[in-house]
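Biologist: I have this one open next to me and want to go through a few spots. Can you take questions as I go?
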Amino acid sequence: MLSVSRMWAHRHLLGIEELTVDDIRLVLDAANSILDRPEISKSEDRKSGLLRGRTVINLFLEPSTRTRTSFELAGKRLGADVVNIGAATSSVTKGETLLDTVRTLDAMDTHVIVLRHPGSGAAHFVATRTRASVVNAGDGAHEHPTQALLDALILKRKKGCIEGLVVAICGDVLHSRVARSNALLLGKMGAEVRLCGPRTMMPPSPAALGTTVRSFEHMQDAVAGADAIIMLRIQTERLEGVSMATTREYSRVYGLGPRLLDFAKPDAIVMHPGPVQRGVELDPSVADGPRSVILEQVAAGVAVRMAVLDLVTRARKETPSQAVS
Amino acid sequence: MLSVSRMWAHRHLLGIEELTVDDIRLVLDAANSILDRPEISKSEDRKSGLLRGRTVINLFLEPSTRTRTSFELAGKRLGADVVNIGAATSSVTKGETLLDTVRTLDAMDTHVIVLRHPGSGAAHFVATRTRASVVNAGDGAHEHPTQALLDALILKRKKGCIEGLVVAICGDVLHSRVARSNALLLGKMGAEVRLCGPRTMMPPSPAALGTTVRSFEHMQDAVAGADAIIMLRIQTERLEGVSMATTREYSRVYGLGPRLLDFAKPDAIVMHPGPVQRGVELDPSVADGPRSVILEQVAAGVAVRMAVLDLVTRARKETPSQAVS
Amino acid sequence: MLSVSRMWAHRHLLGIEELTVDDIRLVLDAANSILDRPEISKSEDRKSGLLRGRTVINLFLEPSTRTRTSFELAGKRLGADVVNIGAATSSVTKGETLLDTVRTLDAMDTHVIVLRHPGSGAAHFVATRTRASVVNAGDGAHEHPTQALLDALILKRKKGCIEGLVVAICGDVLHSRVARSNALLLGKMGAEVRLCGPRTMMPPSPAALGTTVRSFEHMQDAVAGADAIIMLRIQTERLEGVSMATTREYSRVYGLGPRLLDFAKPDAIVMHPGPVQRGVELDPSVADGPRSVILEQVAAGVAVRMAVLDLVTRARKETPSQAVS
């Protein structure tokens with residue numbers, strides 16, 4: 001990870017939108033090394049880690065176990081002091097603004113604030129107003145960049161190269177920050193991106209996400225010949241607006257079962273950001289079948305977050321005004 | 001702890017039921033050493049600890065401070081990275097199954113999952129489906145093995161030997177995992193176990209817990225000549241089903257006060273898993289009196305959990321397929 | 001910090017009331033060194049810290065993010081194992097008494113219990129009944145000593161000397177532990193303390209807090225010629241009792257805006273314990289203006305808490321009965 005650090009120039013990770021193709025490659029290479037050299041994260045010496053003496057705060061103002069735990073482990077495995085702040089215990093309940101919360105944490109000499117927030121743009125808003133590095137762990141329906149990066153890491157490891165791959169992203173695309181970050185990343189890396197879901201859950205102009213991004217009306221067309229299928233979690237309370245009375249009806253039209261999967265390439269992989277709702281967006285036989293890489297995504301997530309925490313703190317360290325020997 | 005590790009063969013600690021007499025002795029000896037050599041847990045060097053570089057996740061899907069804190073301190077004092085996941089913040093609220101939660105944590109390269117769950121059998125269910133070691137921190141009305149082990153450690157330290165002791169376990173025996181694990185352990189170790197409580201709170205066949213386990217109708221008979229009395233916490237909402245209108249009435253018949261204690265041996269000790277309800281199951285003069293070893297139980301608990309975390313991770317390490325230099 | 005430790009004799013920090021002028025100077029000097037030598041808290045070697053191998057428990061039985069996080073970071077930066085226990089997850093919900101909770105934590109070999117509790121006197125009550133050091137992080141309307149110490153550190157750094165300063169403390173003085181601890185500290189250190197707020201929110205005998213403490217009816221008089229103004233957070237639900245229908249009306253009479261601030265000295269600083277309610281007790285232009293030192297207070301808070309954790313554990317260590325080599 002050391003040799004590549006000169007090329008990384010971002011003090012924050014706010015979204016895929018801000019990253020170049022080289023930036024993305026850099027994160028993926030760093031995370032790939034971590035996955036391949038487990039001694040980095042597991043060795044008994046790692047407490048002399050890259051983030052030793054640094055403070056990482058997980059500020060999660062939306063419920064999350066999976067992503068919070070992934071960042072917490074990533075920080076701890078790099079030797080950082082990690083502090084969790086959740087919505088329930090937060091001063092936000094005392095009427096404090098997000099900006100005051102972030103500035104307060106900043107004043108406590110925090111190096112990285114990992115922020116999950118229900119409002120789109122929240123991470124950008126605070127990033128320009130803090131000395132700490134801000135890592136966006138999901139902001140409203142906007143971006144979830146580490147999810148897209150871990151999905152890309154899986155694609156790279158399973159398929160060798162992202163360019164030229166055909167990837168279908170299916171479900172409630174419109175409201176999904178996972179879909180948005182993935183489409184942006186895959187478009188930048190030269191993959192063909194196919195979006196599919198109920199009409200009211202599709203973005204109005206998919207091409208805005210990338211020149212290789214297109215919408216499909218039927219799942220069969222979206223999945224045909226795909227190298228990978230990213231199934232999104234559907235929020236059942238949103239189905240009422242789609243005139244689909246039940247999750248069963250949704251599952252029949254937009255769920256991924258073995259027959260639909262047969263239209264994809266024979267070695268196509270099935271991805272999901274979790275937690276999976278079996279029988280809704282994924283048939284149990286697919287979720288737990290040989291094509292599913294869902295648990296590998298989880299492992300890749302910790303590696304990607306370790307790489308990101310390392311890179312953004314390096315960028316900060318090398319800023320002249322904050323140079324530290 | 002090193003010299004005995006060859007004899008321990010369990011990757012999980014699911015219940016007392018699965019342990020042999022030698023297994024129990026092994027845990028008690030290891031925990032006893034920790035209590036006697038406080039430098040293991042307190043020295044400034046302990047961060048070069050036995051679990052350095054290992055991840056312990058406290059997955060507590062029922063409220064608990066006492067047991068969770070005890071495991072958290074045990075893990076941290078061995079140098080592990082400890083992550084807490086509670087019911088409130090868990091993805092379980094997003095409809096994720098317990099198995100998915102555990103598999104996700106497993107994929108994050110977790111070494112030990114400490115599980116508290118309201119369902120009996122939950123720890124067994126997940127143990128066969130994960131690479132991590134599972135330590136049962138209480139599953140429904142089934143088992144709470146570390147509580148029984150810490151109680152045994154106190155008995156051993158106070159009485160020299162568990163075999164031949166007379167131990168009364170009193171209260172809501174039927175619904176108590178503490179009573180169940182204790183009866184199983186004490187039976188295996190050759191103690192005479194006497195169960196006593198309201199008829200609707202007694203197990204139908206006490207002998208199934210061990211050949212030396214018997215039920216008693218009257219507290220005076222259960223306590224007569226006892227070396228130790230384990231008083232259980234009564235859940236007051238259960239009293240309605242026992243046709244006892246008030247905790248006061250329960251206390252009069254099944255609570256332990258100084259007069260009842262006089263029937264026990266002169267050096268009998270009084271134990272309670274905590275938190276104590278003074279004036280209900282225990283008279284304040286007994287709870288805080290010279291026979292009470294309740295706070296010593298707490299100290300023993302951290303030592304037992306350190307021993308258990310060490311042993312289960314050793315067992316994992318020494319499995320050939322996961323051998324690490 | 002080493003050279004001064006001989007002079008510190010307190011195993012607990014319960015309130016400003018118990019401290020001498022020398023004690024206060026000692027904490028301020030220690031904290032000042034920490035702020036000036038950031039390598040103490042930031043160096044990569046700090047994990048060989050002063051509290052390495054020690055356990056600090058944050059027992060927060062009232063909601064708090066700011067103070068809890070400040071203590072958590074202070075403990076971690078000194079190398080301690082820090083465990084958080086909150087009201088929601090606490091056994092207190094199982095009917096356990098505060099004393100039992102504290103004694104249980106004590107039995108787990110805890111070195112410092114940082115206690116926030118809604119009851120005035122809670123910290124004193126438990127301190128005499130535990131082997132651990134108790135640090136009061138706010139008890140009802142009684143004291144919040146680390147807040148007063150951090151405010152004093154800011155005054156000392158900004159003004160050079162506390163003696164002779166004129167400090168106005170404004171708002172709901174009666175119910176504020178921040179006001180009480182600050183008035184006590186500033187009185188001891190020889191500052192002139194002016195209290196001002198709605199009549200029903202003023203203490204009956206201000207002189208009881210110190211011979212230099214006086215009440216003022218009008219904000220303009222309290223602020224006139226002041227070196228520093230400490231604005232308290234107003235709990236809007238208390239305004240009904242003051243016959244002020246709205247926060248707007250409160251703001252007009254007792255809020256600090258630029259015109260009122262003009263009556264203070266030209267270099268007067270504005271302080272607030274946070275979180276700030278802009279437009280209520282502080283005008284936004286003042287809260288975020290050049291006189292505001294609110295974020296510096298936050299930074300000072302971590303330093304003061306590091307100094308306090310270090311001093312109370314040293315005092316404990318040097319008590320002969322618990323001498324450790």
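Biologist: Leaving out residues up to four places away in sequence, what does C:Gly164 touch?
Modeller: This is a predicted model. In it, C:Gly164 touches C:Gly190, C:Ala191 and C:Asp227, with residues up to four places away in sequence not counted.

Biologist: Where does C:Gly164 lie in chain C?
Modeller: In the loop between α6 (145-159) and β5 (166-170) of chain C.

Biologist: Does C:Gly164 count as buried or exposed, and why?
Modeller: C:Gly164 counts as exposed because its relative accessibility is 54%, and the cut-off for exposed is over 50%.

Biologist: What separates the C-alpha atoms of C:Gly164 and C:Glu192?
Modeller: 6.4 Å, although the two residues are 28 residues apart along the chain.

Biologist: Switching to chain B. Where is B:Arg194 found?
Modeller: B:Arg194 sits in strand β6 (residues 192-196) of chain B.

Biologist: Buried or exposed, that B:Arg194, and why?
Modeller: Its relative accessibility is 11%, so B:Arg194 counts as buried; the limit for buried is under 20%.

Biologist: Which backbone oxygen does the side chain of B:Arg194 reach?
Modeller: That of B:Asp221, at 3.3 Å. The backbone oxygen of B:Ala224 also lies 2.6 Å from a polar atom of the B:Arg194 side chain.

Biologist: And what is B:Arg194 in contact with, leaving aside neighbours within four places in sequence?
Modeller: The list includes B:Val166, B:Val167, B:Ala168 and B:Ile169, as well as B:Arg214 and B:Phe216. B:Asp221 and B:Ala224 are among the contacts too.

Biologist: New topic, chain A. How is chain A divided into domains?
Modeller: Domain 1 covers 16-143 + 298-318, and domain 2 covers 145-295. Taken over C-alpha atoms, the centres of domain 1 and domain 2 of chain A are separated by 26 Å.

Biologist: How many residues of domain 1 of chain A are in contact with domain 2 of chain A?
Modeller: 34 residues of domain 1, against 27 residues of domain 2. The two domains of chain A bury about 2500 Å² between them, with 62% of it on carbon and sulfur atoms.

Biologist: How many salt bridges between domain 1 and domain 2 of chain A?
Modeller: The count is 4 salt bridges. There are also 14 residue pairs in polar contact between these domains of chain A.

Biologist: Which element gives the most to the side of domain 1 of chain A that touches domain 2 of chain A?
Modeller: α1(A), with 10 residues. By class, that side of domain 1 of chain A has 16 nonpolar, 7 polar and 11 charged residues.

Methods
Residues numbered from 1 in each chain as written. Chains lettered and ligands numbered in written order. Predicted model: local features only at pLDDT ≥ 70, side-chain atom pairs only at ≥ 80, totals over all residues. Heavy atoms only, no water. Domains from an automatic or database assignment. Contact = heavy atoms within 4.5 Å. Buried area = accessible area lost by both parts, 1.4 Å probe. Salt bridge = Lys/Arg side-chain N within 4 Å of Asp/Glu carboxyl O. Polar contact = N/O pair within 3.5 Å; in protein donor to acceptor, adjacent residues only side chain to side chain. Helix = DSSP H or I, 4+ residues; strand = E, 2+ residues; numbered from the N terminus. Nonpolar A, V, L, I, M, F, W, Y, C, P; charged D, E, K, R; others polar. Buried < 20%, exposed > 50% of the residue type's maximum accessible area, 1.4 Å probe, protein only.
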